[in-house]
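This briefing is for a reader who is new to the structure shown below. It takes one contact as a starting point and then goes through the other topics in turn.

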Amino acid sequence: MAASRRRNPEGRMSLGEHLVELRKRLTWAGLAILVGTIGGFFVAEYVWDALREPITKIAADHDAIINYDSITGAFDVRIQIAIVLGILASSPVWLYQIFAFLVPGLSRKEKGYTFGFFFTAVPLFFAGCFAGWWVFPHIIEVLATFVPPEDASYYNAKYYLDFIIKLVLATGIAFVLPVFLVLLNFVGVLSGVTILKGWRWAILAITLFTAIATPAADVLSMFLLAIPMVVLYFTAVGITVSRDRIIARRATASVEA
């Protein structure tokens with residue numbers, strides 16, 4: 001590879017070299033996820049105890065248990081938790097591998113956008129996941145209130161875990177969407193005014209999302225999810241509108257000069 005770069009003064013890599021580099025990055029990312037999954041397997045039991053805590057509280061009012069509907073059900077749940085923990089724990093490694101593969105091919109300006117997006121999106125994603133983690137016990141407890149006292153609740157373990165994972169990931173992704181709006185503005189796809197004009201649709205979409213993610217009876221959880229998402233949206237609007245104005249002023253000044 002070094003010889004190739006000496007022959008190529010621009011430092012460009014051939015297709016074969018790109019494939020070798022991709023294989024190396026994927027190998028390191030896969031090994032990191034594997035190690036994280038192995039470690040996650042040993043703590044999965046404690047995470048599962050935390051996840052099933054709402055069921056314990058529900059059981060104080062009426063019969064409620066988590067049900068494993070197959071011989072391998074408990075093992076499958078533990079493996080699923082271990083994989084999710086492994087992906088989260090190893091995220092700094094595999095995210096670095098992705099950027100290490102992509103960044104050399106970007107211009108200086110594109111690198112600035114990419115790193116700005118990365119260091120903003122990742123904390124927001126984890127903040128959204130934390131919001132989902134915080135709100136899910138309230139959702140389950142509110143839904144359980146619809147079960148008559150004389151009846152029993154049997155929760156399928158895999159379905160219960162899938163519900164929590166989807167809720168946590170959905171809120172994490174939702175918190176990142178305003179960053180995509182800013183990124184689209186920076187690359188010239190959307191103007192700040194265009195984003196601002198869609199504020200009614202944005203609030204409607206946020207309301208629908210939080211209404212779907214939370215039960216109808218739990219209005220408090222719905223607002224607790226919606227408020228930070230609305231704030232993030234209007235923060236994105238403020239950033240894009242301010243940037244467009246700065247660019248417009250520079251363009252006017254260059255014309256007058």
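The side chains of K158 and D162 meet in a salt bridge at 3.3 Å, N to O; a salt bridge is a side-chain nitrogen of Lys or Arg within 4 Å of a carboxyl oxygen of Asp or Glu. This is a predicted model, in which local features need pLDDT of at least 70 and side-chain atom pairs count only at pLDDT 80 or more, while totals for chains, interfaces and linings use all residues. Residues are numbered from 1 along each chain as its sequence is written, and side-chain values use heavy atoms, with hydrogens and water left out.

**Overall make-up**

- The protein has 10 helices and 2 strands; helices (H or I, at least four residues) and strands (E, at least two) are DSSP runs, numbered from the N terminus.
- Read from the N terminus on, the order of elements is α-α-α-β-α-α-α-β-α-α-α-α.
- Of the 257 residues in the protein, 32% are buried; buried means under 20% relative accessible area, exposed over 50%, and partly exposed in between, with a 1.4 Å probe and protein chains only.
- Among the contacts with a separation of 6 or more, 80% are between residues 24 or more positions apart; a contact means heavy atoms within 4.5 Å.

**Confidence**

- The mean pLDDT of the protein is 82, and 90% of its residues reach 70 or more; pLDDT is the predictor's confidence in each residue, from 0 to 100.
- Confidence is lowest in helix α1 (residues 2–7), with a mean of 45, and highest in helix α4 (residues 73–89), at 91.
- Over residues 1–7 pLDDT stays under 50, and for this stretch the model has 6 contacts beyond four places in sequence.

**Helix α7**

- K158 and D162 both lie in helix α7, where they are 4 residues apart, about one turn of the helix.
- K158 has a relative accessible area of 47%, so it counts as partly exposed.
- N156 caps the N-terminal end of α7, with a side-chain oxygen 3.1 Å from the backbone nitrogen of K158.
- The 30 residues of α7 should span 44 Å at 1.5 Å a residue, and the end C-alpha atoms are 44 Å apart, which agrees; the expected span is 1.5 Å times one less than the number of residues.
- A kink of about 30° lies at L177 in α7, shortly before the proline P178; the bend at a residue is the angle between axes fitted to the seven residues ending there and the seven starting there.
- Just after α7, G188 takes a positive phi of about 90°.

**Two residues of α7**

- T171 is placed in helix α7 (residues 157–186), and its relative accessible area of 1% makes it buried.
- The side chain of T171 reaches the backbone oxygen of V168 at 2.8 Å.
- Leaving out residues up to four places away in sequence, T171 touches G128, C129, G132, F209 and L225.
- F180 also lies in helix α7, but F180 is partly exposed, with a relative accessible area of 40%.
- F180 and A121 are 59 residues apart in sequence, and their C-alpha atoms are 8.6 Å apart in space.

**Other salt bridges**

- The count of salt bridges comes to 4.
- E141 and K57 form one of them, with their side chains at 3.9 Å, N to O.
- This pair links distant parts of the chain, with E141 in helix α6 (residues 108–144) and K57 in helix α3 (residues 53–58), 84 residues apart.
- E141 is partly exposed at 28% relative accessibility, and K57 is partly exposed at 48%.
- The side chains of E21 and K24 also meet in a salt bridge, at 3.6 Å, N to O.
- E21 and K24 are separated by about one helical turn because they are 3 residues apart in helix α2 (residues 15–51).
- E21 is buried, with a relative accessible area of 12%, whereas K24 is partly exposed at 40%.

- E21, K24 and R25 are linked in a network of salt bridges.
- R25 lies in helix α2 and is buried, with a relative accessible area of 16%.
- A polar contact of 2.9 Å joins the side chains of R25 and E21; a polar contact is a pair of N or O atoms within 3.5 Å, and within protein one must be able to donate a hydrogen and the other to accept it, with residues adjacent in sequence counted only if both atoms are side-chain atoms.
- R25 touches Y96, Q97, A100 and F101, not counting residues up to four places away in sequence.
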